[in-house]
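Here are some notes to go with your first look at this one. Have the viewer open and take the points in order.

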Amino acid sequence: MIRAASLFALSLLAAGLVQAGQVYRWVDSAGRVHYTDQPPPTAVKDLRTLSGKGNVVEVSKESFDAKMAREKSPVVLYAGNCGPVCDQARELLKQRGIAYTHKDPNTEPEYAVEVKKLTGTLEIPVIVVGSTHLKGLDPAAWERMLDTAGYPKTPLIPPKP
């Protein structure tokens, strides 16, 4: 009985070690992507070794649509310590799960020059989505601009409260 229990415990330990192994991601000569737990052939393109944590797989927190929109029309938010208006601007982007570049014209003179060139004034917040921009916080207009750029209305993973 003790021998059977020891054998069972040993098999559970071995199963855990197998699950925590490496995963190889590689692209073959035809451009197909492969994932395997076996080392790939020597003549492969773009070989990456992915290490797991047991049976946990790490995934992107950004949807495909959001990634495509970000690549086509990146978002820049010019905001600083302007109180509730700037806080609401950041919160709007957070609630939609949009990755953006934050630039504070109050701390960096070059950002102030960029805002002045874009809008003709030094008022913030200013949002830039691709080649379009809006001065001041108008949530409905910001939402329309983000929708037009292809950003999803909700994030893949909801923000923490």
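1. Let's begin with the surface. For a patch, nonpolar side chains are joined when they lie within 5 Å, and the residues need over 30% relative accessible area and no salt bridge. With that in mind, look at Val-23, Val-33 and Tyr-35, which make a nonpolar surface patch of about 270 Å². Val-23 belongs to strand β1 (residues 22-27). Its relative accessible area is 31%, so Val-23 counts as partly exposed.

2. A word on confidence: this is a predicted model. The protein chain has an average pLDDT of 82, and 77% of the residues score at least 70. Be careful with residues 12-18, where pLDDT stays under 50 and the model has zero contacts beyond four places in sequence. Where pLDDT is low, predicted coordinates should not be read in detail.

3. Now for helix α4 (residues 109-119). Which of its residues are buried? They are Tyr-111, Ala-112, Val-115 and Thr-119. These sit on the same side of α4, because they cover an arc of only 105 degrees around the axis. Among the elements covering them are the strands β4 (75-78), β5 (100-103), β6 (126-129) and β7 (132-135). On the face turned away from the buried side you'll find the exposed residues Pro-109, Val-113 and Lys-117. After α4 comes Gly-120, with a positive phi near 85 degrees.

4. The salt bridges deserve a close look; the count comes to five. One of them joins the side chains of Glu-143 and Arg-96 at 2.4 Å, N to O. This pair links distant parts of the chain, with Glu-143 in helix α5 (residues 139-148) and Arg-96 in helix α3 (residues 84-96), 47 residues apart. Arg-96 also meets Asp-147 in a salt bridge, at 2.8 Å, N to O. Here too distant parts are linked: Asp-147 is in helix α5, Arg-96 in helix α3, and they are 51 residues apart.

5. Asp-147 has another partner, Lys-153, in a salt bridge of 2.6 Å, N to O. Put together, Arg-96, Glu-143, Asp-147 and Lys-153 are linked in a network of salt bridges. How buried or exposed is each member? Arg-96 counts as buried, at 4% relative accessibility. Glu-143 is partly exposed at 28%, as is Asp-147 at 30%. Lys-153 counts as exposed, at 57%.

6. Finally, find Ala-43 in the loop between β2 (33-36) and β3 (45-51). Its relative accessibility is 71%, so Ala-43 counts as exposed. Ala-43 and Asp-28 are 15 residues apart in sequence, and 8.0 Å apart in space, C-alpha to C-alpha.

Definitions and conventions. Residues are numbered from 1 along each chain as its sequence is written. This is a predicted model: local features need pLDDT of at least 70, side-chain atom pairs count only at pLDDT 80 or more; totals for chains, interfaces and linings use all residues. Side-chain values use heavy atoms; hydrogens and water are left out. Buried means under 20% relative accessible area, exposed over 50%, partly exposed in between (1.4 Å probe, protein chains only). Helices (H or I, at least four residues) and strands (E, at least two) are DSSP runs, numbered from the N terminus. The arc is that of the directions from the helix axis to the C-beta atoms. Contact means heavy atoms within 4.5 Å. Patches are made of residues with over 30% relative accessible area and no salt bridge: like charges are joined within 9 Å, nonpolar side chains (Val, Leu, Ile, Met, Phe, Trp, Tyr) within 5 Å. Accessible areas come from the Shrake-Rupley method with a 1.4 Å probe; for residues, only the protein chains shown count as cover. A salt bridge is a side-chain nitrogen of Lys or Arg within 4 Å of a carboxyl oxygen of Asp or Glu. pLDDT is the predictor's confidence in each residue, from 0 to 100.
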